[in-house]
Amino acid sequence: MKNIEIKNSESRFRSKIGKYRVTLNDKCFHCGLCVELCPYGIFERTEGFNFVFTPNSALCEGPDCREGSYYCTTKCPVEAIDIEPHPQWKTLGDFRWTPDLIITTWEQAKTGEIPQGNLEYKIGASGGGFDKFDFNIDTSSPTPSGEVDKIKTSICLNRRSEGVSIEIPVPWYGAGMSFGSISLPSMLSRATSAKVWGTFTSTGEGGYPDELNPYSDHVITQIATGLFGVREETIKKARIIEFKYAQGAKPGLGGHLLGDKNTPAVAKKRGAVAWTSLFSPFPFHSVYSVEDHKKHIDWVKTINPEALISVKVSTPSDVDMVAVGSYYAGANIINLDGGYGGTGAAPEIAKKNIAMPIEYAITRVHRFLLEEGVRDKIVLLASGGLRTAYDIAKSIALGADGVIMGTAELVALGCVRCGNCESGRGCPRGIATTDSELKEQIDPSWGAQRIINLYAAWQKQLKLLLYQLGMKDIKELIGRTDLLRSIDEK
Amino acid sequence: MYKRYHIETSPVKLPSTQVGKFVIIRHDEECLNCGRCISQCIYDVHKRDSNDSRKMAEPESFFCKNCFSCIQNCPQQALEMVKNKESENLGDTYWTPQIIHTIWNEAEEGKIPVFGAGYRGPFRGSGFDDIWTDMSEIVRPTRDGIHGREYIATSVDLGRKLPWISDFKKLNMPNICEIPIPILLETDPLELNSKNIILAITRAAHQLGTLAFLDIKNYFEKLNPYLKSIALRFPLERVAHINSVPWKNVNLIEIVLPEKFLISDLEHVLKNLKKKNQTALFSLGLTDPCLSEGIFKLVQDSKVDILNFYTDNHGQSLKGDLFICKAIRKLHLDFVKSRIRDEISIIGQGGIAAAEHVPKSIICGIDAAVLDLSLLVALGCRVCKDCLIKSCPAEINKLDPKTATQRIINMICAWRDQLLEILSAMGIRDVRRLRGEVGRAMFYEEIEKESFEFIFFEDSMFK
């Protein structure tokens, strides 16, 4: 495998968001002791000036350094330094994507390393599913680096004996996000990183923009219920074709693209009328049975015999049956998209209430496929609400071959999960937008580096975890539920 | 000619509900008035002072949507975002700020709330939040998620169904009242006894084609044009003394049962009322999910048509400490077991606070849900701790009746549309088929056990 360049890629925003607030009160006489003490550079004084600048609170690691010899608050001769939790921290993120997870994902996208410091980067605060269990390992043992590097994280996307074999070096690829839901620079960022890593990204259901042609070996194209932008030539271009039956965030409802984001460029790609809201139908009106589904797959195989077929479904109570049906219809990959997955626009009622969370679906489908004796013939990929390297590992331990990551990549590009992607000018941070001005905030080469770095950090964590579990290959982890234990609710 | 049911919405803003979730603080001592935040914010939170354009005006926090762009781009770190206390303090543990904001939006716009980004809340909660509804991946023809909604029926019948027809000559059709949505309204949820609110809710029920429950003590003459949309309710012990009441003109009469009563008294009252109004449906208001033999007998003998199960505003049953889901599941199953489920309609109220609670409670076994506190929230109620109509911060008593009615209609339209979303995702074309269909839902305890039991089998989770 070629060497992947990891280089520091700074945030495109000037100031960081910190967990603590450090303030200097009136007693400060600018002695400068804190400038010397603090190893994080919170306090600054320029040569030749008397005054200590306003502290850069975002760098503060909090009162955990109380034990250290450099704890500013007690060392300050006049008790002029106050450290308190920053009230702003509570306005960032949510239960699934906690502020800690957002900031540590930004950090990984910046450095490409496992996050340092005391922010939680493994687990969220949703209180269930991934956030309720952990690996049963002793993490305190030291790690020799040489052996860790030899651990394999690659997976094969075709487990059938016939058809082409496609191997990706990491057990994930990028989720479908359409042109229209996200901007072209965001798509290019994702495609570039997929190419560099040798994995894939997906066009979503909004057609295949020509700008992605240089990356076509690493782009999956989606055939969704609306058939937006689906052409013979787009099907011929792709090595993997994805049938999207449903999306976890809006199961049973079909895609939504509200009129404000449907610009003439987007509409042209989709063969639709600009500035109208586009709702994909549900379901495929040509598919009312597994036999119909097979016809669909045959149709694609006629156009592109080399392509692997992925089937994306959400998670109803009979998802296990759907998975087996897809296998017999000829699918190579079954992609389960859980109820808490990402979206560019979805009715709020659908996000929580319809279909089950991914954690449940993985174990059910994995067990059912095993019982049916076809588990080793199909690739089971999970998506929908995964955030961290540990979520990836947990999904695999529950029974998936690999995962599909979406929102986390956008977070690497600077998403704060404010949830305003759906209408108006779209994303104020220039990611999920079609606004000509806002999208300029993202430079695709910068964006690609951020996602490349995030992938690198995830791979390091997976390798380290596999090492701690005494494994040499990620495939050994599949279905190892015995390694999981529940975390008592705090 | 067939006329499709349609709810007419129109946007109604209410000043009392314009509460932002975030507050942007600009620290004057740091701010250079450079105006960078103006170009960064796409929501117009930041503007220059209209009197002195060298200075920045106070941020218009109400428009803030939590994107952090201004904060992260400020060269001086002069901006800060905190949660709006006013918004945080709305409601209580059950009627969360999120629930109240959602109802306010629905009442204002009459539309389904649609937002970007995946689900943000906790994995699960208690009560209704422990239920996921099902969907179908590959389904029957003639259904189409968003375009085929008009084929889905949301109307339900209140009253008994005929068990079988043995002799057409003796066919005695039971009284039935068809309402176009599985939703009824409560006119006086917090016992505020405000004529304005009662009139607004009654008129909304009238326009929607459904029924509104009215306590007999709250009856006044202005309600007369809407009598057909009123479900008249009175306590058992007081019926003998009430004469000047328009018994004849209502479609539904409910008797609220006291803790202790004689079935014979109840039978007597029912008999007398039936003389006054032969076409009305008769309902019993219950607070205890455990029914006595006597009431089963009444249902069996077709003396009552409806049971209305009351819980408190948090959905807790007033007796037996059961959440409304469990209580109505029990009621439903008791009648199923006695093979008389179709001889009675069950409706329930209390704790129905969001659109998804309607289909979920129907799945648990009711035919239709009665909305109560949510209607006041639509009018701007903040579910404060002590409710006194005189000192109401939202002044809901003084609302223009037209505005009030329209906001309720907007909210119910949004809820019905969301019910359609759920039904269409399941591939169900008639809400009547959803009743008691627990197979179309997943319950946390069951699914967690089924999926994870073998992972945590040594654990104490299920032991």
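Two strands count as paired if DSSP finds at least two bridges between them. Keep that in mind for the first stop on this tour of a predicted model.

**Stop 1: the sheet in chain A**

Select strand 7 of chain A, residues 201-202.

Which strands does it hold, and in what order? Going across, you meet 6-16-15-13-12-9-8-7 of chain A, eight strands in an open sheet with parallel pairing. At the edges sit strand 6 (172-174) and strand 7 of chain A, and each of them pairs on one side only.

Now bring up helix 11 of chain A, residues 358-372. This helix packs on the sheet, where it touches strand 13 (333-337) and strand 15 (379-383) of chain A. Look along helix 11 and strand 15 of chain A: their directions make an angle of about 170°.

**Stop 2: the domains**

Stay with chain A for a moment and colour it by domain. The assignment gives domain 1 as 20-89 and domain 2 as 148-486. The C-alpha centres of these two domains of chain A lie 45 Å apart.

Then switch to chain B. Here domain 1 covers 20-87 and domain 2 covers 149-446. Between the C-alpha centres of these two domains of chain B there are 48 Å.

**Stop 3: chain B as a whole**

You can pick out 12 helices and 15 strands in chain B. The C-alpha atoms of chain B fill a box of roughly 90 × 60 × 50 Å along the principal axes. How does the radius of gyration of chain B fit with a compact globule? For 463 residues such a globule would have a radius of gyration near 23 Å, and chain B has 25 Å, which agrees.

Of the 463 residues in chain B, 46% count as buried. Contacts also reach along the chain: among those in chain B between residues at least 6 apart in sequence, 67% join residues at least 24 apart.

**Stop 4: where the chains meet**

Show both chains and highlight the contacts between them. On the chain B side 60 residues take part, and on the chain A side 76 residues. Several elements of chain B supply at least two residues each to this side, including helix 2 (69-73), strand 2 (79-83) and helix 12 (444-452) of chain B. Which element of chain B gives the largest share? Select helix 11 of chain B, residues 401-426: helix 11 supplies six residues, the largest share.

Leaving out residues up to four places away in sequence, B:Trp132 touches residues of chain A, among them A:Gly339, A:Asn353 and A:Met356. In chain B, B:Trp132 touches B:Ala441 and B:Met442. Try the distance tool on B:Trp132 and B:Lys360: they are 228 residues apart in sequence, with 8.4 Å from C-alpha to C-alpha.

**Stop 5: two loops in chain B**

Go to B:Thr154, in the loop between strand 4 and strand 5 (156-159) of chain B. Is B:Thr154 buried or exposed? Buried, because 20 other C-beta atoms lie within 10 Å. Beyond four places in sequence, the contacts of B:Thr154 include B:Pro180, B:Ile181, B:Arg416 and B:Val431.

The other loop, between strand 7 (183-186) and helix 5 (195-208) of chain B, holds B:Leu192. B:Leu192 is buried, with 20 other C-beta atoms within 10 Å. Leaving aside neighbours within four places in sequence, B:Leu192 is in contact with B:Ile197, B:Cys387 and B:Ile389.

**Last stop: confidence**

Finally, colour by pLDDT. Chain B averages 90, and 95% of the residues score at least 70. Select residues 459-463 of chain B, though, and pLDDT stays under 50. For the complex, the predictor gives an ipTM of 0.93 and a pTM of 0.94.

How values were computed:
Residues numbered from 1 in each chain as written. Chains lettered and ligands numbered in written order. Predicted model: local features only at pLDDT ≥ 70, side-chain atom pairs only at ≥ 80, totals over all residues. Helix = DSSP H or I, 4+ residues; strand = E, 2+ residues; numbered from the N terminus. Contact = placed C-beta atoms within 7 Å. Axes fitted to C-alpha atoms, helices over the stretch in contact; angles between N-to-C directions. pLDDT = per-residue confidence, 0-100. Domains from an automatic or database assignment. Rg over C-alpha atoms; globule rule 2.2 N^0.38 Å. Buried ≥ 20, exposed ≤ 12 C-beta atoms within 10 Å, placed from the backbone.
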